[in-house]
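These are notes for a colleague who is opening this structure for the first time. Please read them with the sequence and the coordinates at hand.

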Amino acid sequence: MKTLKTFALAILALGFLASCEKDDDDSKTSSSLNLQISGLEDLGSDYVYEGWIIVDGAPVTTGTFSVNSSGSLSKTAFTLNSDQVSKATAFVLTIEPQNDPDPAPSKVHILAGDISNKTAALSVA
C-alpha cells in the first residue's frame, strides 16, 4: 500500500440530497449521500473502503466501495435514512476486511471531517 501521503491528496465532498422516497416498512424518507473523491488506491480483493456518518456520537455505516487500478470508485451514491442524515455531525472513511463480520468501524480511519451545510471536506488527521 502506498504511504499515507496518498490519502492526504484525497479530497472528499459529501452531498446529502433529501428525496421523497418512503420505505415500505416504516414510511421514513431517504436521502442520498454522494461522494466526490480522488487519490484513493486499489486495496485489492481482501479490503474495501467503508463510509460512516456519526449520529448522536455513534457510527452509522453509509456503505462500502472499492477503487480500481485507475482510481475510479465502484460506487459514489448511497441511500440513507433522512432522520440519521439530518443528525449526522461527521463523516469517517475506514478500510475494512471484504467479508467483515464486525458491524463496527475498524481502527483504520483514513479520512474524517465535520459535516456542515450538508457537505464535509475530509482530511488526514
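1. The model is a predicted one. Begin with strands E6 and E7, residues 88-97 and 109-116, which pair in the antiparallel sense over 5 bridges. Within this pairing, Phe91 stands opposite Gly113 of E7.

2. These two strands belong to an open sheet of 5 strands, ordered E4-E3-E6-E7-E8, with antiparallel pairing. Which strands stand at the edges? They are E4 (58-65) and E8 (119-120); each has a single partner strand, so one side of each is left without a neighbour in the sheet. As background, strands of a sheet pair through backbone hydrogen bonds, either parallel or antiparallel.

3. At one end of that order, strand E3 (residues 47-55) is joined to E4 by 7 bridges in the antiparallel sense. Tyr49 has Phe65 in E4 as its bridge partner. Both residues return below, in the points on the core and the rings.

4. At the other end, E7 and E8 pair in the antiparallel sense over 2 bridges. Ser116 has Thr119 of E8 as its bridge partner. The two strands form a hairpin with 2 residues between them.

5. For context, most residues other than glycine have a negative phi.

6. The largest nonpolar core has 24 residues. Those with the most contacts inside it are Leu40, Tyr49, Ile53, Phe65 and Leu93. Two or more residues each come from E2, E3, E4, strand E5 (77-81), E6 and E7, and the largest share, 4 residues, is given by E6. In soluble globular proteins, nonpolar side chains tend to be buried together.

7. How many aromatic pairs does a search of the whole structure find? There are 2. In one of them, the rings of Tyr49 and Phe65 have centres 5.4 Å apart and planes at 20 degrees, so this pair is stacked. The pair links distant parts of the chain, with Tyr49 in strand E3 and Phe65 in strand E4, 16 residues apart. Tyr49 is buried at 0% relative accessibility, and Phe65 is buried at 3%.

8. Phe65 also pairs with Phe78: the ring centres are 6.3 Å apart and the planes are at 55 degrees, so this pair is tilted. Phe65 in strand E4 and Phe78 in strand E5 are 13 residues apart, and the pair again links distant parts of the chain. Both Phe65 and Phe78 are buried. Tyr49, Phe65 and Phe78 form one aromatic cluster.

9. A last point concerns strand E2 (residues 29-38), where Leu35 lies. Leu35 counts as buried because its relative accessibility is 8%, and the cut-off for buried is under 20%. The C-alpha atoms of Leu35 and Thr76 are separated by 5.0 Å, although these residues are 41 residues apart along the chain.

Note on methods. Residues are numbered from 1 along each chain as its sequence is written. This is a predicted model: local features need pLDDT of at least 70, side-chain atom pairs count only at pLDDT 80 or more; totals for chains, interfaces and linings use all residues. Side-chain values use heavy atoms; hydrogens and water are left out. Two strands pair if DSSP finds at least two bridges between them. Buried means under 20% relative accessible area, exposed over 50%, partly exposed in between (1.4 Å probe, protein chains only). A nonpolar core is a set of buried Ala, Val, Leu, Ile, Met, Phe, Trp, Tyr and Cys residues joined through side-chain atoms within 4.5 Å. Rings of Phe, Tyr and Trp (its six-membered ring) pair if their centres lie within 6.5 Å; planes under 30 degrees apart count as stacked, over 60 as edge-to-face and the rest as tilted.
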